[in-house]
Amino acid sequence: MRILYLYYDIMNLYGESGNIRMIERMFREAGKDVSVEVKTVTDRKIDFLKYDFIYCGAGSENSRDVVIRHLSFFKDSLKAAYEKGTVMLFTGNSYEMLGKEIAVGDRKIEGIGLFDFTVKEQRVDRYSGDVTFRCNLFEGELIGYINKCSEAEGVKNPLFEIEQVVGTVKTGSEGIHEKNFFGTQIIGPILVKNPSFANYIVNLTLKTLEE
C-alpha cells in the first residue's frame, strides 16, 4: 500500500497529519504493508501513478498559493492518476486548488484545472463553526469543523450535506466527489472524528487494488 502525503510541511494547518496516521493504521490492520512518502515544494519530480492513496491537508491561503504554483508542474500526472481511479482525499482549502481558478478580489489565481468549479475568496471575513453533516455514500451522522474565507461555485457533485452549524458556516451542500476523488473544507481531522468515513475510504482503496 503506497500512500502519498502531499505538502506535509506547509499544508498541515489544523493537524491534518492525523488523517494520514489514521488511515495508515487502518491499512496495517487490514493486513497491508504500508509505505508513506512525502512530497513538498522542494521536490522536482512527482509521479502520481505510483501511489494507491493520495492525501493533501489544509494550509493558510498564502501556503496554498505557493503549492498551486508547484503542483501545476505535475498536473498531467495528477490527472492521469485521477482518471485511473486512484483514491484521493484533499481536506481544507487544498481541494480548491484543483478547480479552474481562485478569484481573490481583482486577482485571479489559475487552478490545476482537474475540475470545472471556480472559487471566490475574500480575506476579510472568515466563516467558521462546528458542523454536523451526512454523506449519501453511507449512513450515519458525521461531525467536523470548518474555518474558511472562500466559496466554491459550480460543483456538480457535492460530497456532503451540512445539516447543523454552531457558528457562521452555511448549511447545504459541501465539498466535491468525482470518481475516487474526495474534497472537503471540513477539518478535524475528518477521518479521526469520523470512523465511518475512514472505513469507506479504506475499503474503496482496497477495492481498487483488487481491480
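Reader: Which residues have the most contacts inside the largest nonpolar core?

Author: Phe 160, Leu 191 and Phe 197 have the most contacts inside that core, which has 33 residues. A nonpolar core is a set of buried Ala, Val, Leu, Ile, Met, Phe, Trp, Tyr and Cys residues joined through side-chain atoms within 4.5 Å. Buried means under 20% relative accessible area, exposed over 50%, and partly exposed in between (1.4 Å probe, protein chains only). This is a predicted model: local features need pLDDT of at least 70, side-chain atom pairs count only at pLDDT 80 or more, and totals for chains, interfaces and linings use all residues. Residues are numbered from 1 along each chain as its sequence is written, and side-chain values use heavy atoms, with hydrogens and water left out.

Reader: Which helix gives the most to the core?

Author: Helix H5 does, with six residues. Helices (H or I, at least four residues) and strands (E, at least two) are DSSP runs, numbered from the N terminus.

Reader: And what does H5 lie across?

Author: H5 (residues 195-210) lies across S3, S4 and S14, and runs at about 150 degrees to S4. Contact means heavy atoms within 4.5 Å. Axes are lines fitted to C-alpha atoms, for helices over the stretch in contact, and angles run from 0 to 180 degrees between N-to-C directions.

Reader: In what order do the strands of the open sheet come?

Author: The order of the six strands is S2-S1-S3-S4-S14-S13, with mixed pairing. Strands S2 (35-39) and S13 (176-178) are the edges, each pairing on one side only. Two strands pair if DSSP finds at least two bridges between them.

Reader: Turning to salt bridges, how many does the structure hold?

Author: The structure holds 15. A salt bridge is a side-chain nitrogen of Lys or Arg within 4 Å of a carboxyl oxygen of Asp or Glu. One of them joins Asp 65 and Arg 107, whose closest N and O atoms are 3.8 Å apart.

Reader: Why does that pair tie together separate parts of the sequence?

Author: Asp 65 lies in helix H2 and Arg 107 in strand S6 (residues 107-110), so the pair links parts that are 42 residues apart in sequence. Asp 65 is buried at 9% relative accessibility, whereas Arg 107 is partly exposed, with a relative accessible area of 41%.

Reader: Which residues do salt bridges with shared partners join into one network?

Author: The network consists of Arg 64, Asp 65, Glu 96, Arg 107 and Glu 121.
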